[in-house]
Amino acid sequence: MNTLSLHTSCDGFQALPPEYARAILANALALQRQAAKGAVLPLLKGRNFALLYSSEADAAQALFHRAATELGAQVAHLRFDPSDLSVLAVPQEAQKTAQVLGRLYDALECQGLTPELVRQLTQEAGVPVFNALASPEHPTAAITACLGDIQAAADDRRMVLQAVLLHALGVGL
């Protein structure tokens with residue numbers, strides 16, 4: 001597929017900036033080719049991610065974990081109890097927490113947190129912060145349809161997540 005025609009040939013890209021979508025698709029296609037050869041490179045070795053969530057473990061958490069760890073990253077699972085989240089409603093506490101998380105981790109994936117808390121983390125952490133990146137509703141999920149039928153859709157989705165992580169951290173293939 002010609003990636004220049006990405007926004008017209010794949011549904012769902014209207015929610016993504018065209019250059020960003022093209023970069024993610026190009027990385028995902030490269031990862032797909034590597035996987036077909038049986039070569040998964042540890043491109044994120046030495047990187048640490050935090051998976052912040054407020055509900056029981058689910059498929060989106062497992063997908064994010066697998067996508068990151070397959071590339072060599074470490075993923076810490078940090079469950080926030082709803083009562084913990086009320087403490088973070090205080091702007092100073094949210095700011096301090098975001099700054100500490102930003103020092104400890106290279107990126108944060110937030111699942112089930114309030115939009116306000118995700119916004120505060122994004123402003124203060126100083127690292128990439130994703131909001132439900134691994135959920136099927138995330139705009140990047142539309143890129144999966146553009147990868148073709150070489151692998152299962154679940155594998156394609158994982159590669160799109162990996163492409164997003166690599167892009168956000170400035171890691172090239």
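Mentor: Let us begin with a term. A residue counts as buried under 20% relative accessible area, as exposed over 50%, and as partly exposed in between. Please keep in mind that this is a predicted model.

Trainee: Is A132 buried, exposed or partly exposed?

Mentor: A132 has a relative accessible area of 21%, so it is partly exposed. This residue is found in the loop between β4 and α7.

Trainee: What is the phi of A132?

Mentor: A132 has a positive phi of about 55°, although the residue is not a glycine.

Trainee: Let us turn to the sheet. In what order do the strands lie?

Mentor: The order is β2-β1-β3-β4, and these four strands form an open sheet with parallel pairing. Strands β2 and β4 are at the edges, as each of them pairs on one side only. From one strand to the next, the twist averages 20°.

Trainee: How many bridges join β1 to β2?

Mentor: Six bridges join strand β1, residues 48-53, to strand β2, residues 74-79, and the two run parallel. Within this pairing, A50 stands opposite A76 of β2, and L52 has L78 of β2 as its bridge partner.

Trainee: How does the chain get from β1 to β2?

Mentor: The chain crosses through helix α3, residues 59-70, and this β-α-β crossover is right-handed.

Trainee: And which strands does β3 pair with?

Mentor: On one hand, β3 is joined to β1 by five bridges, in a parallel arrangement. F49 stands opposite A107 in that pairing. On the other hand, β3 pairs with strand β4, residues 129-131, over three bridges, also in the parallel sense. There, E109 stands opposite F130 of β4. Between β3 and β4 the chain passes through helix α6, residues 115-125, in a right-handed β-α-β crossover.

Trainee: How many residues of β3 are buried?

Mentor: Five of the five residues in β3, which spans 107-111, are buried, so the strand is mostly covered by the under 20% criterion. Strand β1 is mostly covered too, with five of its six residues buried.

Trainee: Which way do the side chains of β3 point?

Mentor: A107, E109 and Q111 point one way, while L108 and C110 point the other way. In a regular strand, side chains alternate between the two faces of the sheet.

Trainee: Now for the helices. How does one describe two that pack together?

Mentor: One gives the angle between their axes and the distance between the axes.

Trainee: What are those values for α2 and α7?

Mentor: Helix α2, residues 18-36, packs against α7 at an angle of about 120°, and their axes are 8 Å apart. That angle makes α2 oblique to α7. The crossing of these two helices is right-handed.

Trainee: Which residues make that contact?

Mentor: From α2, they include Y20, A23, I24 and N27. From α7, they include D156, M159, V160 and Q162.

Trainee: What about α3 and α7?

Mentor: The axes of α3 and α7 come within 9 Å and cross at roughly 65°. The crossing of α3 and α7 is right-handed. Among the contact residues are L63, F64 and A68 of α3, together with L161 and L165 of α7.

Trainee: Where is L165, and is it buried or exposed?

Mentor: L165 lies in helix α7, which covers residues 153-169. Its relative accessibility is 1%, so L165 counts as buried.

Trainee: Which residues does L165 touch?

Mentor: Leaving aside residues up to four places away in sequence, L165 touches L44, F49, F64, A68, F130 and L133.

Trainee: How far is L165 from L44?

Mentor: Their C-alpha atoms are separated by 8.8 Å, although L165 and L44 are 121 residues apart along the chain.

Trainee: Thank you. I shall look for these features in the model.

How values were computed: Residues are numbered from 1 along each chain as its sequence is written. This is a predicted model: local features need pLDDT of at least 70, side-chain atom pairs count only at pLDDT 80 or more; totals for chains, interfaces and linings use all residues. Side-chain values use heavy atoms; hydrogens and water are left out. Buried means under 20% relative accessible area, exposed over 50%, partly exposed in between (1.4 Å probe, protein chains only). Two strands pair if DSSP finds at least two bridges between them. A crossover is right-handed if, with the strands pointing away from the viewer, the path from the first strand over the helix to the second runs clockwise. Contact means heavy atoms within 4.5 Å. Axes are lines fitted to C-alpha atoms, for helices over the stretch in contact, and angles run from 0 to 180 degrees between N-to-C directions. Angles under 35 degrees count as roughly parallel, over 145 as roughly antiparallel, 65 to 115 as roughly perpendicular and the rest as oblique. A crossing is left-handed if the near helix is turned anticlockwise from the far one by less than a right angle, and right-handed if clockwise.
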